[in-house]
Amino acid sequence: MGNEANTEQKIILPLLKQWGYQSSEYQAKPRIGKGYPDFLVALPMAGDRPLNYLIIEVKTPAQSRLTGGQQLRYYMEAAQAVFGLLTNGREYHLLYQNPLREPLQQVTCASGILDQQTIQKLTKILHRSAAAALVTALTQQRLKVYHYFEKALAKSFSISSTTSKESPMIITVFNHKGGVGKTTLTLNLGAAFATMGKRVLLIDIDPQSNLTIGVGINPLKDVEEQGKKDIADLLLEPKVGLEDVVYQRAWGNLHLDIVPAHIRLADKEPALISTIDIDRVLQRKLKNHGYDIVLIDPPPAFGKVNAIALMASDGVLIPTQFAPYPIRAIEYVLARLEAMRDAMETPPRPLGIAVSMYNRTTSAANYEMKEKLSNILEKAANGRQTVQILPESTWIAHRVVMLRATESQQPIFSRKFYEELDRSDKESIDDLTTSFENLARYLFTQAS
Ligand SMILES: Nc1ncnc2c1ncn2[C@@H]1O[C@H](COP(=O)(O)OP(=O)(O)OP(=O)(O)O)[C@@H](O)[C@H]1O
Ligand SMILES: [Mg+2]
């Protein structure tokens, strides 16, 4: 099998030629920030810095998964590049950023197999003529140019449109088994959606408030002592709207909004039970706020708040570890969803089983667990469509660096967090972020 250099020779150089670039218009291994991406394509702009149109990062095809998105994002930001292409010759990811927009944000606009059809599609936007047109427009100070550019891009690829829908896609991440990685998954899946250019709201509906703490909010100091409101107020106070309870968090160009929780939610169970129509409240209050995705993180239990979260949701994502008890728990989750199906007009749809804290080194044990889980799912289907285990490309590995991310109260997509890691931890982050991006894309394409 070929290596990285081979991919460069056999695929990248011919592509650059096909896209109309002279060898003087690209550089191999240029220094950008603290590193050296494989190629930088830049066109001169009169009286200005050149336009860095495309950065290409090549990976060896031998690796089972294409990782390196986080590194490419770093290069794109440092070079203010328009496009970033990550490929191993077989698969690809294409990232886009508008260099005129503050803060810079790299959005994944396409990914998949690099076949002829894809190359044709890529040629439209990566060809020298597209780059040259952009240079001309920028030289003439037509700053609106990126707006038109993005529209054209949105037509070819699924980059997010700026107009948000009336109702967001609402997903509860649920398994009543404790400690299977629900909160970690919710936070980082939210961050992955954000890197796709989606507007994301996280809702912490767990009295443990782990998600709230996970984004760096202290429920006692930042909520209670400041006299601020939380999820309990949103649910129980008719006059409290979403805008009254949302906290905006940012790590560099990564933005997440969150409705925080507080331990006092635990005392509200009786009030929640006795309030008529409480199940609809959340869904109603989430409408018309411009969010694309809402992710809800409930406690590991089957209480009233869980019922509220599920009833407000379009879909349920069921995380599990490949371990006996978490797998067993899924039977009960599915039975509960089944009961809701009979009781509700539009019950939440099971989106699938998300595998978390997956141990890549114990493949025989994993295989056995996967078989057991498949049997449970088939039995539970009971004539209906079987709930699927999500594809392996979405499985979240168990990595020690995740604990550090949790400890530092940041999503693993945070650039600052990444920058401070050593090489091997950076590789772990690349592996993890790739899984979360795959998961986000999978869920999004399923829903749309
Ligand atoms: N992929 C991973 N690799 C390593 N550690 C992880 C991973 N995912 C989560 N963890 C760690 O496992 C612990 C439990 O995770 P988390 O709080 O997300 O689980 P949970 O299901 O939300 O728990 P609870 O049921 O209490 O709400 C955390 O300390 C977290 O840092
Ligand atoms: Mg949790």
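1. Let's start with helix H13, where Pro 326, Ile 327, Ala 329, Ile 330, Val 333, Leu 334, Leu 337, Glu 338 and Met 340 are buried. Buried means under 20% relative accessible area, exposed means over 50%, and partly exposed lies in between (1.4 Å probe, protein chains only). Helices (H or I, at least four residues) and strands (E, at least two) are DSSP runs, numbered from the N terminus. The buried residues of H13 pack against helix H12 (304-312), strand E12 (315-320), strand E13 (349-355) and helix H14 (363-381).

2. A word on the source: this is a predicted model, in which local features need pLDDT of at least 70 and side-chain atom pairs count only at pLDDT 80 or more, while totals for chains, interfaces and linings use all residues. Residues are numbered from 1 along each chain as its sequence is written, and side-chain values use heavy atoms, with hydrogens and water left out.

3. How far apart are the end C-alpha atoms of H13? They are 30 Å apart, which agrees with the 28 Å that its 20 residues (324-343) should span at 1.5 Å a residue. The expected span is 1.5 Å times one less than the number of residues.

4. Now the interior. A nonpolar core is a set of buried Ala, Val, Leu, Ile, Met, Phe, Trp, Tyr and Cys residues joined through side-chain atoms within 4.5 Å. The largest one has 43 residues, of which Leu 189, Phe 193, Leu 202, Leu 317 and Phe 436 touch the most other members. Helix H6 (residues 182-195) gives the largest share of this core, seven residues. Apart from it lies another core of 39 residues, including Leu 15 and Val 58.

5. H6 also packs with helix H17 (residues 423-447), at an angle of about 75° and with the axes 8 Å apart. Axes are lines fitted to C-alpha atoms, for helices over the stretch in contact, and angles run from 0 to 180 degrees between N-to-C directions. H6 and H17 are therefore roughly perpendicular to each other; angles under 35 degrees count as roughly parallel, over 145 as roughly antiparallel, 65 to 115 as roughly perpendicular and the rest as oblique.

6. Finally, is Tyr 442 buried, partly exposed or exposed? This residue of helix H17 counts as partly exposed, at 25% relative accessibility. Leaving out residues up to four places away in sequence, Tyr 442 touches Leu 390, Pro 391 and Thr 394.

Technical notes
Chains are lettered from A and ligands numbered from 1 in the order in which they are written. Contact means heavy atoms within 4.5 Å.
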